[in-house]
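Please have the sequence and the model at hand while reading.

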Amino acid sequence: MVESENVAAHEVIGTSRRDFLRRTGGAVAAVTALGTSAAQEKPNAANEVQLSQIHASSEAPEKAPGPFLPANKRVGFAIVGLGRLSINQILPAFAKSESCKPVALVSGDRAKALKLAAQYGIADSNITDYAGFEKLKEMPGVDVIFIVLPNGMHREFVVRSAKMGKHILCEKPMANSVAECEEMIAACKAANVKLMIAYRQQYEPINRTLEKAVREGKIGTLRSIVASNSQDQGDPTQWRLNKKLAGGGAMPDVGIYCLNAARFLSGMEPVEVFATIVQPKDDPRFREVEARCEVIARFPNDVTATFTTAYDTHRSTFLRLEGSDGFAEMDPAFGYHGAKLRFVKLMDGKDTEMAPSIEEEDQFALEMDHMASCVTNNQQPHTAGEEGLQDQRIIEAIYRSAATGRSVKVVPPAGSTRGPALPPVER
């Protein structure tokens, strides 16, 4: 039986925001190496506003939001596609962003775009439709194009963006095939523009805390990863159930979170996968795509990852990393909000639960701020196109395994698929 105890945070990993920031460092590896303080690293430090502390020293210190860059110095984003993710998550995240602002909208529904433009202070002249997409090239203030379209449209609009000389942030999954991913990377390299894939959880403090804990051996030697990301889809006419637009069913949409987490948190690449899929014949939702996918992935050093993803079960999201000396668990995991992390280790002869108190951050603001930093400082994004390409290679191997009933080898990437340093998390 696990005892829930308040154990000193430092016994597992720093739990206060200040300690977390001290341990993780800043945005630019070179600056961090020089020992510059977090406040000095920020180009907008002069805009920081802080209030006096009113609590006793026994309480955690307060920190006001920011510092934020003034509007005339922020990196301008054009949002392409005004669906649920853009309206409910991405556009509101600009209010919590340090260095980004929305300056243009691309939508097939001009009436909707006009309403959103009025809410976010975007000029009507900076609204266009998909046929007029190239008008973004001449629109004032557009530095980054954020592609928030169905998966099957990513390749086209990334290539079109690159030809305009614009930097690109593209939603995951990167595309519907390895060939499309490779074309996108080549187009961006030819145009000398940055391409980042929106793996929001790699920018989120709780996930980063977990990655650091595993890397530093806080649960001993990693043995296995177990995860699930499932939900119950409704409307059978939605694009996520259209294979041409989605590329697949649950696996590329929500299963990719389990796959990418296993790669990111372990710091390793799978060498073999075995998978099964379920596509009910009597359910109109799944005429074209799978309802469920179960995967066993083998990593180096005999580490295994087992995960399930589904479109026909009640919402279930969790992640567990099991080590020789303990385990770490996120439940729920993978959501926009509400992630909870706990560690279980043997202490004083008892299994003891430790739950770090890590302040939640807006994942979309964090990933956009990282993209803005890369554009401003001419840096490689942490989750560049190579990260999305590797996930797509593994997804294709998963589908081949499910189709043949056999395990499929996965060729590791030639080098690291991630940038040299994680982005800043301080707010």
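Two strands pair if DSSP finds at least two bridges between them. Strands (E, at least two residues) and helices (H or I, at least four residues) are DSSP runs, numbered from the N terminus. The model is predicted, so that local features need pLDDT of at least 70 and side-chain atom pairs count only at pLDDT 80 or more, while totals for chains, interfaces and linings use all residues. Residues are numbered from 1 along each chain as its sequence is written, and side-chain values use heavy atoms, with hydrogens and water left out.

**Strand β8 and its partners**

β8 pairs with strand β11 (residues 304-310) in the parallel sense over seven bridges. With β12, β8 pairs in the antiparallel sense over nine bridges. Ile225 has a bridge partner in each of these strands: Ala305 in β11 and Leu321 in β12. Eight of the eleven residues of β8 are buried, where buried means under 20% relative accessible area with a 1.4 Å probe, protein chains only.

**The chain as a whole**

The protein chain has twelve helices and 16 strands. Of its 427 residues, 53% are buried. The accessible surface (Shrake-Rupley method, 1.4 Å probe) is about 19,200 Å², and carbon and sulfur atoms account for 50% of this area.

**Pocket and cavity**

On a 1 Å grid over the protein atoms alone, a cavity is a set of points where a 1.4 Å probe fits but cannot get out; a pocket is an open set with protein on both sides within 12 Å along at least five of seven lines, and lining residues have an atom within 4 Å of a point. Grid points are joined across faces, edges and corners, and a volume is the space filled by probe spheres set on the points. The structure holds three cavities of 30 Å³ or more.

| Space | Volume | Largest share of lining |
|---|---|---|
| Largest pocket | about 1,100 Å³ | α4, five residues |
| Largest cavity | about 100 Å³ | α10, five residues |

The largest pocket is lined by 41 residues, and Arg84, Leu85, Arg240, Asp253 and Tyr336 lie nearest its centre. α4 (84-93), β8 (222-232), α10 (250-266), β12 (312-323) and α11 (363-377) each supply at least two residues of this lining. Residues lining the largest cavity include Tyr199, Arg200, Tyr257 and Phe264.

How values were computed: Buried means under 20% relative accessible area, exposed over 50%, partly exposed in between (1.4 Å probe, protein chains only).
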